[in-house]
Amino acid sequence: MKFATYSSLLLLGLLGLSVMGGVNEYVFFAGFVVLQFVVLATAWNILGGYAGYVNFGVPAFIAVGAYTAVVLFKSISAPLLVQILGGGVLAGALGLGVGLLTLKLRGIFFSIATVAVVFILETIVNNWRYVGGATGLQLTRPADLWFFDSYVRMLFFVMAVLAVMSVAIARYVQDSFLGRGLRAVRDSEEAAECSGVPTLKIKLIACTVSGALMGIAGAPMPMYLSYIEPSSTFNLSYSIYALGMPIIGGTSHWIGPVIGAVLLATLQQIVTVTVSNELNVLIVGVLLVLFVVIAPEGILGLIKKWKQSSK
Amino acid sequence: MFSVDLIFEATLFGILLGCFYAAVSLGLSVAFGLLDVPYVAHPALLILGSYFTYLLCKTGIDPVVCGVLLMPIFYVIGIGFYRFYHETFEKRSTDTGVRGLAFFFGMAFIIEVCLILVFGVDQRTVAASYIGSSLEIGDYRFPYRMLVAFGIALTLTFVLTIYFSKTFTGRAIKAVGQDEGALRLMGANPVRIKQIAFGIATSVNAIAGAMLIIVGPVEPAMDRIYIGRTFCVVVLAGLGSMSGTLVAGLVLGITESIVMMTFGASWAPAVSFGLLLLMLGVRPQGLFGR
Amino acid sequence: MDKMRRKVIGAGGAGLLASSLPSGMAFAQGTPVKIGMSMPQTGGLGAGGQAALIGLRMWVEDINAKGGLLGRKVEFIVYDDQSNGANTPGIYTKLIDVDKVDLLIAPYATNVTAPIMPMVKERGLLLMGNFSFQVNAKVQHDMWFNNAPWGDAKGWSEGFLDAGKKAGAKSIAIFAAEGEFQQNLANGAREIIKSTGWNVAYDQNYPGNNTDFSSIIRSVRASKAEAVFVACYPNESVAIMRSVNEIGLGPQVQIFGGGMVGLQFGPVMQGLGSLLNGVVNYNSYVPGMKYPGIEDFLKRYTERALAAKVDQLGYYLPPYNYAIGQMIEQAVNATKSLDHKRLADYLRKNEMKTIVGPISFDKNGERAKPALVQAQFRNIKDNDWDQFRAPGKQVVIWPSSEKQGDVITPFDKARKAT
């Protein structure tokens, strides 16, 4: 119950922030991105950290979420929550499909297959006039702001709720029989199978949940930017972020991706405001390589070691 | 609307293109196909080769010669990479899958971003006497830059195939992928052999990078589409097959060329990745794999 | 690589200038007027963007030498969007919320401006357009004013298609990239083509990052089209001209070109050299056209451009970017305010005087009277900057008010013409 208490307090705090006057709009604009990465990192970790299947195709799921939202918005003027739900469902379906791939493919083959999914989907979207194709689509935000002062503030709070929700799901997966099964798969899939773990079923569940959460992270993006176009939505840099943040934070526990995402995404936003865009990728890339080589357990592992040594 | 003429010309162009794709994938064929190293950074090194060629070319040297001159440097880079990978990942066997992949993926992005920081996002090209004109045979036109790339590709494939089948080190490289223990018994040090192989794979990237910038303009983000093309060729060929790489390259090149002509260039990226996915789903060991 | 430096120069450049002004100049009220924008300084549009930026900086210096706007110094804040539309929403949010600028100028070109249109409309902000094409058509923002000399697609492609018809061409090939600008223009042209009885021999769209046009050029050649209309961005223009040269279009082509961006940039013209000959393409200004004050401006511009190692000719964008500054100046001085609504009102109702002639706007914020020309490249030699300064290298063939010569057809003949 401690988790429920702390997360509710956090949400209340963020809600208070969003309705407070006098706070610069940019805080919410940047904060949205940080929260989005909390969701992405947590989602990636469910499959990558717990099960050991490295998904490079993160942008595909984000894009499915975003473009589903666009279609729902354009066709039936669906409200934000319906867009998010739709995005999550379809991205989850993609996750299921990708999960079926794991039947035949391991290790790097699985990862390369996920990259293939990104490019194939991107090409399809590029040729789809209705959502703007390669040119992109300008979108007008609806006037409905609930009780917030601006649309960005509302999106910020919505994303905060989604972040807490995804972490709660990851926590549940981790502590349940699903989590144990996934860890068994990561350590040795054959051994797990031999000892009776229903490996296919839990892999499929993990893929679906992971994909759905990434879709949920992507769904608010068209409204966030009032614009959508394929090349930035399908940007492969999302993969390096979504995999770097959990690895840097620590993949074995749900708090790892949260730490990684909050630290790195905040750093990135500060860097973007003051210096340049490229440095974002460089920071994550270099830190990723450093951690992978020196501290494979991530920040969590470093904390553990420090605690042990100071006893 | 699609005359036999056009399709024939597209096929011929596809052959030129295919050999080019095969040549840029040869390095990956060795590193990943033979040695099982998850060398996702290969396309990024390819682009790096192109940029180095661009720099050297400014001194007036012909781009092909530049590529050849860069090979020893890339050989050393390759050895360095492998030694690092071996020390850090292969030796400590736990969890190498995720970490090794993450390492190379991270390196690929670091290389790409450094290129952007140093050179900017602008496209770069090189100039040479054979770039810009074509060979006219009847009503057909074959750009000389493609013919040059074609020539280099064939030479490279030929040289590598001979090397791997006729020399001791070459055969040892082929063997180390199959049975390391047996190789050790034969008196060769597998780690040293793998190192040499990786060095060769990376040095091929130097000349392949030169070919890339001869064939067209290069920009830092190109490594992403080439992940699809090179892995498609390697997987299609089947791990461990050199001559298979050439055939696979031709399949990809011709398919891409014909798709570009019939459906339009917007579908070109999907061809390599689509073929890759298809192959992985249906026959992961490739056309000629072991 | 010089982004950091550029940003510092951008933000601090005005400051440096202020400190070097004669001591007689004093600015009332401490706070400067901040004008902010992003400009593509690298990437496909970079060559044009860098030149345009010099035009704007010249205006900032000129206005500060005159005492600034409303007695306050003008501070100019510029970022580099790298010709990438994905970067502009974030940059403009930063400009509005973090840098807190008073006035916004759009980045050069349609494809990087399109993403920010919904945002400026929602926030009710004035945006001074910068050579975009039909970017406000769907959003319908009422505080948008575009400096570009074109109106709609009809005004653009009409001249080209007319010339083709006069030369006897009956079939046409059209290809365009899948970008906002290229598609806007191509679709407009397609409408005219349909309604004026052309036979469409080939019609294709290609992805914006395509670098190899051999298969397209080959198909165009095989289609035996007699006119070829192209809508493309700078990188593509260069690749297409090289491909045309490599593969050839066939002797039946009367006229080629139309909407190729980039062939107006000095470095591109100088780089392509003789490959340009025969192409009929749009432009905003070529030597020989008379606008008040433009020749002086170009002289001053060339000095600065040579020092900055940027396009030394500066025909296409710099004068129009200087004009943006002039329009801001006139509106602010007339309304004595920086209030966006009042400025927009003034701009809508009045004709502005600029170094590229008088500019007035229609209800969509586009030019009421287009001033676009179609010109044919002739007798261009390789590796020569100065050849472009004299009239005769880009011969205006349309409209008749600016006409400098008749178009030479067929295309092959025009390529060799002297």
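Biologist: Which side chain is joined to that of C:Thr42 by a polar contact, and at what distance?

Modeller: This is a predicted model. In the model, the side chain of C:Thr42 makes a polar contact of 2.9 Å with the side chain of C:Asp80. To place C:Thr42, look at the loop between β1 (33-39) and α2 (46-65) of chain C.

Biologist: Is C:Thr42 buried or exposed?

Modeller: Compare the relative accessible area with the cut-off: a residue under 20% is buried. C:Thr42 has a relative accessible area of 8%, so C:Thr42 is buried.

Biologist: How many residues of helix α3 of chain C are buried?

Modeller: Helix α3 spans residues 88-97 of chain C and is mostly covered, with 9 of its 10 residues buried. Among the buried ones are C:Pro89, C:Ile91, C:Tyr92, C:Leu95 and C:Ile96. Charged residues are on the list too, including C:Lys94 and C:Asp97.

Biologist: Now the interfaces. How is the size of an interface given?

Modeller: It is often given as the accessible area that is lost when the parts come together. For chain B and chain C, the buried area is about 2,100 Å², and carbon and sulfur atoms give 48% of that area. B:Val121, B:Gln123 and B:Arg141 supply 19% of what chain B buries against chain C, more than any other three residues. In terms of contacts, 23 residues of chain B meet 23 residues of chain C.

Biologist: How many salt bridges does the rule find across the interface of chain B and chain C?

Modeller: The rule finds 3 salt bridges there. One salt bridge is between B:Glu9 and C:Arg218, whose closest N and O atoms are 3.4 Å apart. The interface of chain B and chain C also has 6 residue pairs in polar contact.

Biologist: Which elements of chain B give two or more residues to the side that touches chain C?

Modeller: They are α1 (4-34), α4 (96-119), β2 (140-143) and α10 (242-262) of chain B. The most comes from α1(B), with 4 residues. Sorted by type, the residues of chain B on this side are 12 nonpolar, 6 polar and 5 charged.

Biologist: How many aromatic pairs are there over all chains, and how do I read one?

Modeller: The count comes to 55 aromatic pairs over all chains. To read a pair, take the distance between ring centres and the angle between planes; an angle over 60 degrees counts as edge-to-face. The rings of B:Phe103 and B:Phe104 have centres 5.1 Å apart and planes at 65°, so they are edge-to-face. Both are buried: B:Phe103 has a relative accessibility of 2%, and B:Phe104 has a relative accessible area of 0%.

The rings of C:Phe160 and C:Phe229 have centres 5.4 Å apart and planes at 70°, so this pair is edge-to-face as well. It links distant parts of the chain, since C:Phe160 is in helix α6 (residues 153-166) and C:Phe229 is in strand β8 (residues 227-232), 69 residues away. C:Phe160 and C:Phe229 are buried. Ring pairs also link a cluster in chain C that includes C:Tyr108, C:Phe131, C:Trp150 and C:Tyr320.

Biologist: Which residues does the cis peptide bond with omega about 0° join?

Modeller: That cis bond joins C:Trp398 and C:Pro399. Another cis bond runs from C:Thr409 to C:Pro410, with omega near -10°. C:Pro399 lies in the loop between β14 (394-398) and α14 (411-416) of chain C, and C:Pro410 is in the loop between β14 and α14.

Biologist: What is phi of C:Ser83?

Modeller: Phi of C:Ser83 is near 60°, a positive value in a residue other than glycine. C:Ser83 is in the loop between β2 (74-80) and α3 of chain C, and its relative accessible area of 22% makes it partly exposed. C:Gln134 is not a glycine either, and its phi is about 55°. C:Gln134 lies in the loop between β4 (127-129) and β5 (144-146) of chain C and, at 24% relative accessibility, is partly exposed.

Methods:
Residues numbered from 1 in each chain as written. Chains lettered and ligands numbered in written order. Predicted model: local features only at pLDDT ≥ 70, side-chain atom pairs only at ≥ 80, totals over all residues. Heavy atoms only, no water. Contact = heavy atoms within 4.5 Å. Buried area = accessible area lost by both parts, 1.4 Å probe. Salt bridge = Lys/Arg side-chain N within 4 Å of Asp/Glu carboxyl O. Polar contact = N/O pair within 3.5 Å; in protein donor to acceptor, adjacent residues only side chain to side chain. Buried < 20%, exposed > 50% of the residue type's maximum accessible area, 1.4 Å probe, protein only. Phe/Tyr/Trp six-rings, centres within 6.5 Å; stacked < 30°, edge-to-face > 60°.
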